[in-house]
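Hi there,

Here is the structure I promised to pass on.

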Amino acid sequence: MGAGPGLFLVNPDPNDPEARRFVFGIPTVYLWAVLWLAVQSGAVVVAYRKLWNESKEDEEGAAETKGGRP
Amino acid sequence: MIAAVDFAEVALVVLGIYLVVLLGFGVLAWRRGRVSEEDYYLAGRGQGFIVTVMTIMATFFSSAAMLGVPGNVYKEGVAFMIFALNLPVAGVCIYLFGSRIRRLGRRRGYVTQGDMIADYYGDSAPLRGVVALIGFLYVLPYVIMQIKAGGHLAQGMFPDAEGAFEKGALALSVVTIIYVLIGGMRSVAWTDVLQGFLLILGMLVAAAATIVTLGGFGGFFEQVRTIDPAALSLPGPSGTYTPWKLMTICLFASSGSLVQPAQWMRYYAARNDRVLKRSALVFSLVLPACFLFGVMLVALAGRALYPPEMVDGTLVPHPHVGEFDQVVVVMMKEQLPEMLGAAGVVMVAILLVAVLAASMSTADSNLHALSAVLTRDVYDRFLRPRASETERAWVGRSVIVLAMLLALWLVRAGHDDADFAPLKMIVNLMFAAIGFSCQLLPVTIDMLFLRKGTRAGALAGMVAGIFVVFLFTPFPDLLLGGGTDGAVAKTMQPLKSLFDIGFTGVVANVLVFVVVSRFTRKVDSDRVREIGREME
């Protein structure tokens, strides 16, 4: 959606003088990119915290490190 | 304007310090290293988080990040800013591909992409040869473009010096060769840490300076309001960036760049999964910000202050900017000294060194990877299968020197003669380089996740993909004697205007891969199970 067909929803027609090229004084397409970057970043953070696993060797390594602490 | 003498002196001092520090890293890495192929190419597979994330980011961001991408925003306006959305996709690939590649690489002792692909599908000369060819088609144009950027930057830093372009290109090449030769992957990665920090800092500071100079965000966006309507919407003034094209670029150019030889070797070199998982997170959050809140804003301000002009139906840069790619350099040299005085001059010099860092960090990683690919997948397999490790190490170093000399020669020839056809072709080929790299995506995804394809299918698919991408380069027309804009280019133009060229190659690749795999001998099921188990 962000870099694809969703752009058709907000893209101002360059030939239409009434087209909404700015929102709060910021270019609409730029604001769209920032919005989607926030969505993508949120998805990556959730994946990092909830979905991405580490291999057993990492878990074993972490356990050894923990066990080795004074 | 900057006083030329003062700026040249400051730039020389900053550049000198930077190059000495790089050589120092090279010597340190050499002292820490061990005399083995695995250590030279993969730093003993023990790289930690900071080194891994910085080397992946610095390798990903070439001179294009500071020159080419802002240059395109300056030319096409906000349409090209959507390009920044490819970066979180690329970041996710670091974890999805990287963690599995690392696990298998460590267990089975792989060094190159060819090692893994040949081990899974069954070793064959054509398969290794095609994988090595894809690596070569990606690496060489990238190295050439970095050297060229070094030359142009030297011209910008020392405009009054005689032969600045040649000296700049030579200095970049010589220093890069020295630290790659003596320190291998460890040296490349350590220098990437410094270069990565400089690059990120440079991209963000450039934007902050521009916004402050224009009177804060209010003044900045007031200037942006003066931009012509075509540059505030898609597909941009030249009509290039449609949503479909941007979407395919964001999906395929990003993931294709993360399976190129240098990045693949960085997965092998990472200490554990956690390192790659954190690297994926930082990459996804930091790099898009460097674009959308960094250099892209500088270019947008440049578009407002020095708008390009339409001459005979072609968009040309404002005379003050000179070339599209120079917009950040021009903006920095204009704005910072005006705002900060003498400190601004020092900052401009540091920012220009950051551009140099972007070039060197990509050139060194790609040269180092090309050395591994040509030594292990070509020399060791086809020319001298019984070569000792010491012999292979020297061959690897020779490859680095020869590749750099070839690149330097092409850059020099292209600089002396603007119509020099091979360089013109290679410049165009740079845009196809990622397209070639994308042709490893179907094989990578099959090997790591699906495990349905066959060796013949993988080989046929890659050849089909390379062939389709090749049709988008100027080579077919040159081979047919039709100049650089002949019948093939005209035939491919409609497709090129619709989609990313890597994507079109991948479509052909996947179709051929699936059909051929259906009718050819399967990969041994025991090996598939064993490799699948080792990857989990």
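**A bent helix in chain B**

Helix α9 of chain B (residues 164–213) is 50 residues long, yet its end C-alpha atoms are only 30 Å apart, whereas a straight helix at 1.5 Å a residue would reach 74 Å. Please keep in mind that this is a predicted model. Where does α9(B) bend? The bend is at B:Gly184 and comes to about 130°. Just after α9(B) there is another glycine to look at, B:Gly215, with a positive phi of about 95°.

**Two crossing helices**

Also in chain B, helix α12 (residues 261–269) and helix α15 (residues 342–383) have axes that come within 8 Å and cross at roughly 80°. With angles of 65 to 115 degrees counted as roughly perpendicular, α12(B) and α15(B) are therefore roughly perpendicular to each other. From α12(B), the residues involved are B:Pro261, B:Ala262 and B:Met265. They meet B:Ser365, B:Asn366, B:His368, B:Ala369, B:Leu370, B:Ala372 and B:Val373 of α15(B). Sorted by class, this contact has seven nonpolar and three polar residues, and no charged ones.

**Where the chains meet**

Turning to the interface, 31 residues of chain A are in contact with 32 residues of chain B. On the chain A side, α1 (7–10), β2 (26–27), α2 (28–51) and α3 (56–68) each supply at least two residues. Which element gives the most to that side? It is α2(A), with 10 residues. By class, the chain A side divides into 18 nonpolar, eight polar and five charged residues.

Enjoy exploring it!

Best wishes

Definitions and conventions: Residues numbered from 1 in each chain as written. Chains lettered and ligands numbered in written order. Predicted model: local features only at pLDDT ≥ 70, side-chain atom pairs only at ≥ 80, totals over all residues. Contact = placed C-beta atoms within 7 Å. Helix = DSSP H or I, 4+ residues; strand = E, 2+ residues; numbered from the N terminus. Nonpolar A, V, L, I, M, F, W, Y, C, P; charged D, E, K, R; others polar. Axes fitted to C-alpha atoms, helices over the stretch in contact; angles between N-to-C directions. Parallel < 35°, antiparallel > 145°, perpendicular 65-115°, else oblique. Expected span 1.5 Å × (residues − 1). Bend = angle between axes of the 7 residues up to and from the residue.
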